[in-house]
Amino acid sequence: MAEQVVYRHTIEGLFRSIGSRLTPQLKDKLKQAGLDLGAPIPRSTPRLVFAEALRITAQHLHPDVDTDEGFRRLGVGLIQGVEQTLLGKALVAMWPIFGPERVVIRIQESFATVNNYLKTELVTQGPAHHVLRVSECNGNPGYLRGIIEAGLTKAGARNLSVEPFDFDGHACSYRIRWTP
């Protein structure tokens, strides 16, 4: 089996979304964990290095909240960061036109482009009610939860609830509901 890796654009997007909060102290912690943001980012980064970088970054940026919430805020921030790019701004502007149902279906496609190991399965339970199973959460289900919440909120989901369950340290399922 090939090494599990995260692609460069995922690393770039995450740390671009942090902006000025990417302090020298945070960069140093990340470098010690194997992610040197002072050097050109390689085409791929090992999954375990990425998972540790997520943990360090969530803890550094959100020390005042529990781990799950820190990861969730990091995921929400990623979507906010995507909106700061020219292509991202155009893409996110389309989400309300697509609506939450189409966006939740596209989440699977989007997650498949960030690394070589993530597998997803979307099970529709009814209108505005889905279960998304994800094979790897990189140590905490909060990060993907934040991405899902932010994306569906931008798509117009009202009274949105994204609840992780069955997290085994790697795989996780998310119950996703909103008011149709």
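User: Is Arg55 buried, partly exposed or exposed?
Analyst: Arg55 counts as partly exposed, at 34% relative accessibility; buried means under 20% relative accessible area, exposed over 50%, and partly exposed in between (1.4 Å probe, protein chains only). This is a predicted model, in which local features need pLDDT of at least 70 and side-chain atom pairs count only at pLDDT 80 or more, while totals for chains, interfaces and linings use all residues. Residues are numbered from 1 along each chain as its sequence is written, and side-chain values use heavy atoms, with hydrogens and water left out.

User: Which residue forms a salt bridge with Arg55?
Analyst: Glu52 does, with the closest N and O atoms 2.6 Å apart. A salt bridge is a side-chain nitrogen of Lys or Arg within 4 Å of a carboxyl oxygen of Asp or Glu. Glu52 is partly exposed, with a relative accessible area of 29%.

User: How many salt bridges does the structure hold?
Analyst: The structure holds nine. Among them is the one between Glu149 and Arg72, at 2.8 Å from N to O. Glu149 counts as buried, at 14% relative accessibility.

User: Which residues are linked with Glu149 in a network?
Analyst: Glu69, Arg72, Arg73, Arg145 and Glu163 are linked with Glu149 in a network of salt bridges.

User: What about Glu83: which residue is its salt-bridge partner?
Analyst: Glu83 pairs with Lys154, the closest N and O atoms being 2.9 Å apart. Glu83 counts as partly exposed at 22% relative accessibility, and Lys154 likewise counts as partly exposed, at 33%.
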